[in-house]
Amino acid sequence: MGALDGRVAIITGAGRGIGREHALLFAAEGAKVVVNDLGGGVDGSAMTASPAEEVVAEIRAIGGDAVANHDNVATWAGGENLIKTAVDTFGDVHVLVNNAGILRDRVLVNLSEEDWDAVINVHLKGHFIPTRHAAAYWREQAKAGKTVKASIISTSSTSGLIGNVGQSNYGAAKAGIAAFTVIIAEELARYGVRANAIAPVARTRMTEALPGLGEHIAKPSDAAVFDAFDPGNISPLVATLAMEDCEANGQVFFVQGGTVRKFQNWTMTTTIEKNDRWEVAELAQQLPTLFA
Ligand SMILES: NC(=O)c1ccc[n+]([C@@H]2O[C@H](COP(=O)([O-])OP(=O)(O)OC[C@H]3O[C@@H](n4cnc5c(N)ncnc54)[C@H](O)[C@@H]3O)[C@@H](O)[C@H]2O)c1
């Protein structure tokens, strides 16, 4: 018996990297999987249909059930068709894993409007649109009296939650995804829908190319040594969050190798206050005590 028996899951960007690992584990755990991927380059250029088809073939080879979908998750019609693909093929949908992403790293002074828009579009809008269509579907189900036990797992990053030089576009999108998760978790709970996010670290084409990181995350030459950067290490947490009776909601988790850590939301810390409006000179003097 699998942990995800009877679950229908959509995984975006599942043709490669971390998403592919999610798709393979979900299928091995009994889920029926919609493998979405438009087959783009790491920067969102050049498309080929084959990655999604290849993952579907791998899943079928192990006796699992999957269908490929090549929609662009950042388009309204694409997101709508993605949910429709799951419902038309498997009769329902219970899990949405928002994972698709691209990179256009540049320091701010070299960042073009196009590089900003492309990254914000694929990540932030590409999380919003499938989530929006799935949420509408689950709200209809709840209103019709059906017990919904749905789960949304989105993909944030330490690049946004902590910050990383050269990734202001990507980091802004990823921090936005964490905020989006916290808010929709509150909004959708009434329909039986949970929403959580992960901030993963793993070896994929996205991280292998990063200056200084490629060597650090290389596969160990000794097969007996745990490969802490294998992208497959990320998927057990995502599968757990996808389970029907998982209770996590509105949480963001760091996950790498065998480590899972819960992030804390932006939170208020030190305070200065007076029962009157501050004078600028007075506040200028007091402000450093907040970050001393
Ligand atoms: N690898 C890491 O360490 C790491 C760290 C933090 C966050 N992430 C995030 O994890 C997710 C997966 O990244 P990865 O490292 O596996 O990269 P990857 O490049 O191997 O996989 C991303 C996949 O998304 C697909 N994709 C891109 N745009 C799409 C679109 N508009 N519609 C549908 N599919 C699209 C690509 O074709 C690709 O197959 C991304 O959101 C990434 O930002 C990864």
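Student: How many nonpolar, polar and charged residues does the shell around the ligand have?
Tutor: This is a predicted model: local features need pLDDT of at least 70, side-chain atom pairs count only at pLDDT 80 or more, and totals for chains, interfaces and linings use all residues. Residues are numbered from 1 along each chain as its sequence is written, and side-chain values use heavy atoms, without hydrogens and water. Ala, Val, Leu, Ile, Met, Phe, Trp, Tyr, Cys and Pro count as nonpolar, Asp, Glu, Lys and Arg as charged, and the others, Gly among them, as polar. The shell has 11 nonpolar, 14 polar and 5 charged residues.

Student: Which residues are the closest to the ligand?
Tutor: A residue counts as near if one of its heavy atoms lies within 4 Å. By that rule 30 residues surround the ligand, and the closest are Asp37, Asn99, Tyr170, Thr204 and Arg205.

Student: How far is a polar side-chain atom of Arg205 from an oxygen atom of the ligand?
Tutor: A polar contact is a pair of N or O atoms within 3.5 Å. The side chain of Asp37 has an N or O atom 2.6 Å from a ligand oxygen. For Arg205, the distance is 2.8 Å.

Student: Why does Val107 count as partly exposed?
Tutor: Buried means under 20% relative accessible area, exposed over 50%, and partly exposed in between (1.4 Å probe, protein chains only). Val107 counts as partly exposed because its relative accessibility is 38%.

Key:
Polar contact = N/O pair within 3.5 Å; in protein donor to acceptor, adjacent residues only side chain to side chain.
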